[in-house]
Structures are given as structure tokens and as C-alpha cells.
Amino acid sequence: MTNRSDTTDTAELLAKAYDFKDVEKKWYANWQEQKQFRANMDESKPSFSIVIPPPNVTGVLHVGHALNNTMQDVLVRYKRMQGYNTLWVPGTDHAGIATQNVVERQLAAEDLSRHDVGREKFIDRVWKWKAESGGQIINQLKRLGCSCDWERERFTMDEGLSKAVRTVFTRLYKEGLIYQGDYIINWCPRCHTALADLEVEHEETNGKLYKIRYPHAEGDGYIVVATTRPETMLGDTAVAVHPDDERFNSLPEKAVVLPLVDKKIPIVFDEHVEREFGTGALKVTPAHDLNDFEISRRHDLPFVKVMDDNGNMNVEAGPYAGLDRFACREQVVKDLEKQGYLEGIEDYQHGVGHCYRCNTVVEPALSKQWFVSVKPLAEKAIEAVKNGDIKIHPKTWENTFFDWMYNIRDWCISRQIWWGHQIPAWTCEACGKMIVSETDPASCPECDSRQLLQETDVLDTWFSSALWPFSTLGWPDKTDELKFFYPTSVLITSFDILFFWVSRMMMMGLHFMDEVPFKDVYLHALVRDAEGQKMSKSKGNVMDPLLVMDKFGTDALRFTMTAFAAQGRDIRLSEERIEGYRHFINKIWNACRFSLMHISQCDPGITRNLSVDGLSLSHRWILSRLNQTVATVHKSLGDYRFNDAASAMYKFVWHEFCDWYLELVKPELYSASEEDKKKGQAVLFTVLESVIKLMHPVIPFVTEEIWHVLPGDRTSIMTEPYPEQIESWDDPEAEKTADLIMGVIGGIRNIRSEMQIHPSAQVEAVVVAHDSQRAEIIVDHTSEIKAMTRTESLTVLNDGKGPEGAASYIFEDIEVFVPLEGLIDVDKELAKLDKEQKKIDKQLNQSNGKLKNEKFLANAPADVIAKEKDKVAGLSATMAKITESRKRLLELK
């Protein structure tokens, strides 16, 4: 607790410059020490809960994490100040393939493989790595200011979540929703594991389309088939054509000879065949293509697998056995051409699947895997979104969600790696019985044999992540956390894992909890560079949020992320933008330093139930504007429009509180009247306190620091109630009047600036209001206008024309004039502008010349070209101002 009601010198309360590094370390440590992030379970209060999208345990903080977790923290701090039981569950994902790769690389450096050390010791090694290095991203989230309940940190392979995984697997198996089967899966020859469809990244590739002649088994002639993977023809077991394709109505017989292999295979008629693709005839390779697999099942065709798990040709490939698949492709094409079977080769662009982890070309392969039958689960999730139990923001993502869910395929959940949840299934070696159990069985229930062999595959990482909203709260046990915090309030995540993760959490939550896992899903967009390009290491445009925080402070980064987090719109991030909001933080700091000179001796009680009775226009205006800002922030955060909330805060603090109110209130603060001074102090103190609380969820560090130097006994700002609207402060008339007065002041200031009138020079001003009531209002506030514009005299007219030789400014129906005689030398100012114009024109010609130079555009780095374009834009804007100023000056001659 701090007390600042003494007579401490203002300079000691807030340093001249805001040193964010010391402040951030101090307050985060204090928050943790005071257990400010701990979730309470008070039955008299409503609850608000979020589960963090668990970052990979191998991960480091990137700009996507910074955006995602800033938005979550804004909501959590906001709800905490509103008095909710607030829980933000943190944790990390075990990231099966990624983590195993990290440890395998360590072993490789020691000339070892995981097979050399064995499964048990390898798993021990991974746990050791996790203990030593796995907490890096957690510490980085703390650096970002995340107010998670760290006492409830979870890991997708901790004891409790492992129990949940086994329970879910066993129940789904007993319900017939988990099964084993032969199926075409996506196989990564590098990672040696199956990949779910969503884990395959398709890249447009300039490949080849090979047209191959398959001779008729009897007589002359042949059928031409087209393929992009000629090496797989060694596993062909048929050729398929469409039954309605007239080109194949008069085939001499229903069989062809497989080239190179000299094996007779049938011709089958199947409606799946696309008549428009290639020649209309399709080679059927059931063990290496999903569509061919389905054709083979319809026509009872055999399966011939010609590749092994390393992507090399096996014994079924005959003379090609041992070749790498791509080397085999080259040799097969050579042999086809040599033997006269190659009809032709065409350039062909198509999507080629790559492993999302290692970028290896994925091979469709026949394999025995474990699957979840998801259609029955998907139906509940579809209905939940349809009836509004789960709302997706932005709503535009709903159609994409429905399209995917209606066409969902069974989920391959087995992975051929060691790190992960080992599938809880055992085979009795004595009788062959399959046993699926939540706990390790001691013996076979059929024959009582103890010779049980556990399935070696592990579960897809997303399987445990799908249980995250309820498993982290203690399920399958019945806990107070589940009672208070399930379903969770909102999920904030990236749009690209809507199907990987979000939809699966919906399915699992509805199935096992009979309730949605969250009420709202907010899908944020990508963070791109300043030019709108996707950030990537290869482009050299990746922005490290940790370096940015070191340079500009965490609050500046957080406010930037919040300010640009518009629904459905990618964020264009640059250091210049972050630096701009660093200036905003400094503006708040300096405004507080000024305010403290006047309120440091105030009784903290004056801010409670402040009455507007007897207050001057400036006070009534700022309180009304504060009220409207509070309302906007509440609505914006409630609608997940983070950018609108930040925009309202920025506009009020910078343009209304700092730029206008602090100037308007100075006469009262320095007034000889003690009554006026106290009124000014009371309103200033009230507004300042509200501003600091209003902005705390977005910029927690600087607001906590300022909070503790305000008068009175103070605990953490996190325990303070969030500002609410006060009905008596609403004053539309005061806002209307203030807008009029500020318009006149702005007009005179604009003329002074445009005409480059010396700051210390006194001017005369004439205002033509064209309305008697507005003219009367301006007259009533003449003293404020004169004081804020260094105006010697102010004449207000109901109607008429302005004086000759005067510069003018118009807003709405008000005309403002400032006579310039004796203030400026028109000819001298024109000469100065002419000189500046020539200078700018020369610079523009140089820059435009560069941008028209093809050699420069071809060789210069993208950031250099971008800077040159920005330079041209800035120079063009300056030239436009010069042109406007010349026009105004010429009008005075």
C-alpha cells in the first residue's frame, strides 16, 4: 500500500522521463507477490474465464503471440476490475513432433539416434529438456504483462491432463467412435508419422503431367492415362473411366497391360473419374492415393504398396526397389520413353502437399491407423453455432466453419513418434484380444495372460488440446473450478486453427460436458509487416516482440496491438507505429506530472460523487466527454472491437484531455479564487483517476506506476472498480458549446500557423457567426478564446463580411478572420515559399527518378524502395501545403 497525501515534492513523485524497464520489472514482481492474478471463487460474483491457446513448449514469443495474449489480457484485466471471478488458465502444449525433433537434434550432435537410446530413455531425455528449456515462452508471456493465474499453469502431458486423455479415448472407443482401420493417410517420410489433413500444407508447384500408354491386353491400341506421379504406376491395380464417357464405349475388352511391369489389370467404370482431367482415363493406385483407395473399395481391387516409410521403393517395385521415390520417377520416365509407352509430357501447375513441420513432400500411403469417427460429434458443434450457443467473431467465418464441418472426414489420431500420449490400447500376445483401458491392465480379461503389448503409436497433439477447456479445470474429477468457470467465456485465437483446434474443442466439450466449451470465439487476423507482407525469416521482415519491448516498452507494444486489432483485418506492424504509441505513453506521463503539481495536496475523497453543479463549461464538457468515452470503451470491449476501445481512449486522452482540457483549466488552477481552484482540482483529479483506470487493461505498467503517486492510500489499481457512466455527467449542451468555442480557437491557431505568425505576436480576430445565438455564446467565452490564442481583441459579428487583408478560416457556418497588416511581409513570405518549393521540387525529381529506374527497382531491398515511396509521399504533402500557403498569400496582395 502507498500513501501520497503528504507534501512530497512533485518531481519526486514522477520522474521527468518514464523509465519503463524499471517500472515493468517492479510491478510484475509486485503483482505476483501479492497474488493479484489468483482466481477467486465467490458465489456472490459472476465468473469470467479464458483458457490460453497453449503455445508449443518449444516456442518463443512472436508477434502473433503478442497480439493474441494482449487481447486476452485486456479482457481479463477489464473483467477483473468489473468485479468478476476472473480466471485465465495458462499452459503449454507438448508439441509432439516439434519437441521430438528438438531432442533428436541434440542426440544427433552426439552421433546418436532415438533408436540408439531406446524409447524409455528417450522420453526421459525429453522431460529433462522440458524442465531445463521448456519454460522460456512462459517467462516471455510474463514479460508481456499477462495476468494469468500462474498457480494453475497446465501442460498437455501433466498427470491430470493425461488422465483426461485416457478417459476420453477409452469412452470414445467403447462408444464405437474410435476405431482402427486401413486407410490412406498423409505420411511424412522425414518425421516418420501420419499427418492429419490439416497438418498438410499445399503449395502451388510447377510440375509435369505425364501421359502414358497402357496397351490393351488383347489386340492393338492403348489407353492413355495422365499422372503427376509416374513412380506410383508400379502399384496400379486398374484403370478407371467414367461410365458415360463415349470415348470408351467400344473398348475391345475390359483389361490393359501395366507398362514396365507387364501385368494385366482391369478397366473399371466409376463415376468418380473426372472426364475433363487429362485423357479421361485414370490410373488406379489404391495404396497411394485416397480417391483411388475409394475406387478400389467400390470395385474390390487389390492393394499394392510400392514404397516404404522412408519414401524409398520397396520389393513390390521390382527392379526399382531401393530407389528414392523421386529418383524412381526419373528412371520410370526414362524407361517409359525407351519402351515407347510415353505419349508426352506437359507443364502442369498443381498443389503439392508438404509436412507442416519439416516441409517434406507428403506421400499418400496405405497404413493401419487409429481414427475418430467425427461426423456424430460434428453435428452437435454445427448446431451450437447455428443456434447461437457459440458465436464466432467476425461472423464471416461461420460459413467457412459450416463448409468444413459438413464435409468433415474421420480424424486420424495416431502418430508414429515417441513423444506424446501413448495410445492406451494393449494387444494380448496369447489370444490376440485388444484391450483399451483408462489404467494399465495387469492381465488379459479373456485368457488372463500377462503378456500384453501396448500400442507404440502416440496420439495426435491436437487430441489432448481438444480437451483443454475442461481438462485444465480438473475433469474428469468434479471440481469447484469446473463449477465456477465452465463453460469458459471466450476463446481468442488465430483464424488458421479454427479447424485444427477450435472445432475439435467444440466437439469434445459438447460430447463430454454436454455444454459448449466457450460462448464466444474471437478469431484474430495475421500480423504482417508495414507493407502488408507476411512475416518470414526468408524475407528478413520478422519483428521480434522481445526486442520491441526492450526498445519502446511493453505498454507501447500492447497499445499498438490493441489499436490495430480490427475484426477481420490483418495488422500492418512497423516500429514507427509502435514508437508513435510510445509517444502517447509519454504524453500520459507528462500530463500526470502537470496534474500532480495541482492535486498532490487534494483530499482523495473529492473524487467521489463529484457534482456538476456550479462547474464551468470546460469542466462540464470534459466530464461529459469522459462519460461518452467510458460508454464507448465498455461497448467496444463487449463486442470484441479492441481497436475501437483503443481509439476512444487515444482520442479522449490525447486530443481532449491533454490538448484541450489541461489548457482550458489552467486559469482556474492558477486562480486567486480558492473556490474556483478547488473546483478545478476536483475535476482534474477525478478525470485523471478515471483515465488511469480506464486505460489499465491495455497499458498496465505505466498506469500502475501513476496510480501509486496519486494522493491517498492506494493498493493495486487492479483491485479498483472499472469506470462506469455517471448519468448526471452527461451534458450534450456543454459538448455542443465547447465544440463551438474550440472551433473558433482552432481557427485562429490555424491561421497563425499557416501564415507563420510569430508565436509571441498578439493578433486581432474577427468572427462572423451568421447566427445570433452562436454569436452570443462566443461573446460569453471571449476571455478563454483570447487567452488560448494570444489575441488582443476579438470582434464577434452576427453577419457581414470579414475585414480586407485578412487570412480566413471556415468551420461549419462560422468564419474566422485575422487581419495580417503589420504581422507579416507578404512579398517576403512568398519569396521564402518559392525558395522552399524549388528545394522540394528538386528532391521530388530525384526520388521519382529512382522509382522510375528499373535497375533500382530490381536490385534495391524492399525496405529501401518502401522508404523512397514514403519520402515521395511526404514531399508531395509538403508541396501541397506550400501551394496552399502561396494561394492564401496571393489573396492578400
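**Strand pairing, helix packing and local backbone features**

Strand E6 (residues 178-188) and E7 run antiparallel and are joined by three bridges; strands here are DSSP runs (E, at least two residues) and helices likewise (H or I, at least four residues), numbered from the N terminus, and two strands pair if DSSP finds at least two bridges between them. The model is predicted, so local features need pLDDT of at least 70 and side-chain atom pairs count only at pLDDT 80 or more, while totals for chains, interfaces and linings use all residues. Residues are numbered from 1 along each chain as its sequence is written, and side-chain values use heavy atoms, with hydrogens and water left out.

A second open sheet is built from three strands in the order E16-E24-E23, and here the pairing is parallel. Strand E16 (391-393) and strand E23 (488-494) are the edge strands, each pairing on one side only. Direction ignored, neighbouring strands of this sheet are turned by 20° against each other on average; axes are lines fitted to C-alpha atoms, for helices over the stretch in contact, and angles run from 0 to 180 degrees between N-to-C directions. Six bridges connect E23 with strand E24 (residues 518-524) in the parallel sense, and Leu491 stands opposite Val521 in E24.

Strand E12 (residues 263-269) is a handy meeting point for two kinds of pairing. With strand E10 (residues 238-241), E12 runs parallel over three bridges, and Ala240 finds its bridge partner in Val268 of E12. With strand E11 (residues 255-258), E12 pairs in the antiparallel sense over four bridges, where Val256 is placed opposite Ile265. E11 and E12 form a hairpin with four residues between them, and Leu260 in the turn has a positive phi of about 70°.

Turning to the helices, two packed helices are described by the angle between their axes and the distance between the axes. Helix H20 (residues 617-638) and helix H23 (residues 674-695) have axes that come within 11 Å and cross at roughly 15°. H20 and H23 are therefore roughly parallel to each other; angles under 35 degrees count as roughly parallel, over 145 as roughly antiparallel, 65 to 115 as roughly perpendicular and the rest as oblique. Their crossing is left-handed, a term used if the near helix is turned anticlockwise from the far one by less than a right angle. On the H20 side, His619, Ile622, Leu623, Leu626, Thr629, Val630 and Val633 meet Lys679, Gly680, Val683, Val687, Ser690 and Leu694 of H23, contact meaning heavy atoms within 4.5 Å. The residues of this contact divide into eight nonpolar, four polar and one charged; Ala, Val, Leu, Ile, Met, Phe, Trp, Tyr, Cys and Pro count as nonpolar, Asp, Glu, Lys and Arg as charged, and the others, Gly among them, as polar.

Helix H19 (residues 575-599) packs with helix H24 (residues 700-707) at an angle of about 5°, the axes lying 11 Å apart. H19 and H24 are therefore roughly parallel to each other. Ile585, Ile588, Trp589 and Cys592 of H19 make the contact with Val702, Glu705 and Ile706 of H24. By class, this contact has six nonpolar, no polar and one charged residues.

Some loop residues also deserve a look. Arg152 lies in the loop between helix H7 (136-143) and strand E5 (154-155). The Arg152 side chain makes a polar contact of 2.5 Å with the side chain of Asp149, and another polar contact, of 3.0 Å, joins the side chains of Arg152 and Glu481. A polar contact is a pair of N or O atoms within 3.5 Å; within protein, one must be able to donate a hydrogen and the other to accept it, and residues adjacent in sequence count only if both atoms are side-chain atoms. Leaving aside residues up to four places away in sequence, Arg152 touches Ala39, Met41, Leu87, Val89, Pro90 and Glu481.

Most residues other than glycine have a negative phi, and most peptide bonds are trans. The Trp475 to Pro476 peptide bond is cis, with omega near 15°, and Pro476 sits in the loop between helix H14 (468-471) and helix H15 (480-485). The peptide bond from Tyr486 to Pro487 is cis, with omega near 0°, and Pro487 is in the loop between H15 and E23. Gln756, in the loop between helix H25 (732-754) and strand E28 (763-768), has a positive phi, near 55°.
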